[in-house]
Amino acid sequence: MAADSRTASPGAAPAAGKAPRKRALRARRRSRVGLIFGIMTLIAVVMLYPFWYMLDNAFRTQSQFEQQRGNSAVSWGQLFSELPAGRELFNSTLICVVSILLILAVSTTAGFAFAKLRYRGSSTVFLAVVAALMVPLQSIIIPEYVNLGKLGLINTYLGAILVYVALGTPFATFLMATYYRGISDDLIEAAVMDGLGYERTFLRIALPLSWPAIATVTVLQFIQIWDDLLVGLLFLQNPQQRTITVGLAALSAGRTTSIPVLMAGSFLSAVPAIVVYLIFQRYLVRGLTLGMGK
Amino acid sequence: MSVSQAASRLARGTSPGQPARPGRSRLARRRRRAGILLSLPAVIVVLALLGIPIGQAVYYSMTNWNGLTAQWIGPSTYSTALSDPVLWRVLENNALLLLAIPFAIGIPLAIAALLNEHVRGWRFFRSVYFLPTAVSWVVIGMVAVQFFALNGLMNKMLAAAGLGRFQTDMLAGQRSALIALAITFIWSMLGTNTIIFLTGMATLDPTLLEAARVDGLNRRQVFFRVTLPLLKRFVQFSFVITVISAFSALFSLIFVMTNGGPGFGTTTLEFFVYQSAFSLGQFGTGALYGIILFVIMIVVGLVQLRLIRTEDGEGW
């Protein structure tokens with residue numbers, strides 16, 4: 001608590017004239033705080049190690065990497081010649097943005113309907129949509145591949161986007177419904193009575209109110225889709241449409257690329273997701289706890 | 001699981017503004033129409049891209065489809081598959097990976113308890129611990145390969161600690177590769193689970209913990225006798241997330257770290273689905289493994305639901 005951090009500060013010398021017992025207690029607490037701080041620093045090193053490793057080795061040539069000595073930016077140039085990294089970053093961004101927009105369109109409307117516009121059987125339908133959360137991607141990936149193949153959507157952006165939308169919709173709908181339930185019914189009814197109609201009430205009243213939940217869905221999905229491998233691996237086999245994560249995995253599977261180049265690529269691919277995380281941290285945490293239905 | 005539990009709680013709630021007078025029935029009709037219209041897109045997405053495919057997968061699982069020709073065989077494909085020792089080898093890997101779960105939950109619990117002391121700079125540490133959550137397991141796997149390599153950091157640390165004789169190429173042995181995978185998995189789950197527990201600890205009433213301290217319990221006793229029981233819901237939630245991840249989210253790690261090998265050393269069920277269908281062209285068998293995975297997930301979900309139900313029964 002606040003008292004702890006005050007005693008932790010190095011300048012906080014015990015006030016003169018205090019009983020020695022109290023001083024001993026304070027010293028013990030200070031060493032405890034120091035110990036906790038030390039352990040937390042150690043854990044931080046463990047958690048940050050991969051990032052440091054990537055950066056450190058991305059700035060080496062293969063031979064510098066083998067000797068673990070010296071630095072150079074050669075591998076970055078090599079990365080862009082071996083991997084159409086710019087193109088792949090664009091693909092990742094495009095697929096993320098379109099998928100998220102579709103997920104939001106589908107989940108905000110449905111969440112609002114399930115929370116505020118109940119109809120006969122709507123709760124069963126809602127349960128069915130949320131139960132789809134239990135379906136692992138691997139269980140449906142083969143039929144999905146066949147179906148989208150028949151529609152000619154393999155190796156198109158749209159094919160992968162559809163799969164991402166399907167995977168993201170159940171949880172997003174659940175989050176949005178949870179959020180809309182917290183909005184007062186009276187507000188909705190009043191807007192409808194004023195002649196807005198249910199659809200416009202949703203667009204003008206409910207939707208703007210729900211921006212925190214929208215932010216949560218956006219961050220969760222961005223990280224999920226940006227970081228995904230399996231869907232991209234199967235539905236975007238063509239290097240032209242590949243996302244950065246898939247391109248990277250393919251490069252590493254080839255086992256011919258030098259480690260420094262892979263590390264440069266890894267770092268490059270991680271940066272956008274990390275930036276999004278740093279900006280929207282709060283909403284990510286909220287999404288996790290909302291998942292508990294709290 | 002807790003999500004479906006909350007969902008059913010949500011679904012059971014009453015409808016807002018039930019039509020009380022006949023004069024409002026026109027409005028009620030419009031509301032019903034709007035409700036159906038607005039929920040339709042989500043229903044179509046889930047039905048077309050998740051519901052129907054799961055049905056198709058059940059059908060495919062009973063054929064010997066190899067990508068070109070399919071022949072209906074029937075439920076006997078399941079008994080054939082279940083008598084295949086390779087499948088059991090794969091399921092053994094899944095079972096062994098479950099041994100990582102106590103660590104994937106226990107360590108974050110300890111970390112959250114440390115953070116919850118609110119020592120100076122704890123917010124910064126929280127951000128740092130949660131950072132890997134944003135990073136693809138493809139990237140994590142790539143660094144892990146270097147970490148476990150013969151000349152990697154792990155072996156260097158062993159040598160520095162005077163344990164040079166334990167130096168190994170972990171990814172080269174079947175069991176050791178699985179252990180390396182499990183360690184990477186635990187590391188990857190740390191951030192998520194820590195945040196779950198930290199959120200849980202923030203919901204606890206501090207006066208309750210004060211009272212326990214005043215009653216003469218030491219810090220450890222307070223944690224195990226007061227804090228932990230109160231965090232039960234959060235522990236269950238993280239348990240479910242961790243189990244689901246262990247069964248269905250390791251694909252990227254395995255693909256990058258070991259590609260399922262050596263042998264079948266790190267092939268889990270989810271990876272086996274991918275291998276069977278997309279490396280060997282056995283779509284029917286792959287679909288069958290996918291259905292087994294689905295059934296396991298349902299069992300996990302039901303067990304979770306059961307746990308919560310009985311607990312609610314006691315609680316009220």
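## Exercises on a predicted two-chain model

The buried residues of helix α5 of chain B are B:A104, B:P108, B:L109, B:I111, B:A112, B:L114 and B:L115. The exercises below concern a predicted model.

**Exercise 1.** Determine what covers the buried residues of α5(B), and compare the reach of this helix with the expected span.

*Solution.* Step 1: the cover includes α6 (122-130), α9 (174-202) and α12 (232-248) of chain B. Step 2: α2 (20-58) of chain A is also part of that cover. Step 3: α5(B), residues 101-115, has 15 residues. Step 4: from its first C-alpha to its last, α5(B) reaches 21 Å, close to the 21 Å expected at 1.5 Å a residue.

**Exercise 2.** Describe chain B by secondary structure, burial and contact separation.

*Solution.* Step 1: chain B contains 15 helices and 0 strands. Step 2: of its 316 residues, 41% are buried. Step 3: among contacts in chain B with a separation of 6 or more, 69% join residues 24 or more positions apart.

**Exercise 3.** Characterise the side of chain B that touches chain A.

*Solution.* Step 1: the contact involves 83 residues of chain B and 89 residues of chain A. Step 2: helix α2 (residues 25-61) of chain B supplies the largest share of the chain B side, 21 residues. Step 3: by class, this side of chain B has 53 nonpolar, 21 polar and 9 charged residues.

**Exercise 4.** Why is α11(A) described as largely enclosed, and what span should the helix have?

*Solution.* Step 1: 13 of the 17 residues of α11(A) are buried, so the rest of the structure largely encloses this helix. Step 2: at 1.5 Å a residue, α11(A), residues 211-227, should span 24 Å. Step 3: the end C-alpha atoms of α11(A) are 24 Å apart, in agreement with that value.

**Exercise 5.** Classify the exposure of A:V146 and locate the residue relative to A:R60.

*Solution.* Step 1: A:V146 lies in helix α7 (residues 137-150) of chain A. Step 2: A:V146 counts as partly exposed because it has 18 C-beta neighbours inside 10 Å, whereas a buried residue needs 20 or more. Step 3: A:V146 and A:R60 are 86 residues apart in sequence and, C-alpha to C-alpha, 44 Å apart in space.

Terms used:
Residues numbered from 1 in each chain as written. Chains lettered and ligands numbered in written order. Predicted model: local features only at pLDDT ≥ 70, side-chain atom pairs only at ≥ 80, totals over all residues. Contact = placed C-beta atoms within 7 Å. Helix = DSSP H or I, 4+ residues; strand = E, 2+ residues; numbered from the N terminus. Nonpolar A, V, L, I, M, F, W, Y, C, P; charged D, E, K, R; others polar. Buried ≥ 20, exposed ≤ 12 C-beta atoms within 10 Å, placed from the backbone. Expected span 1.5 Å × (residues − 1).
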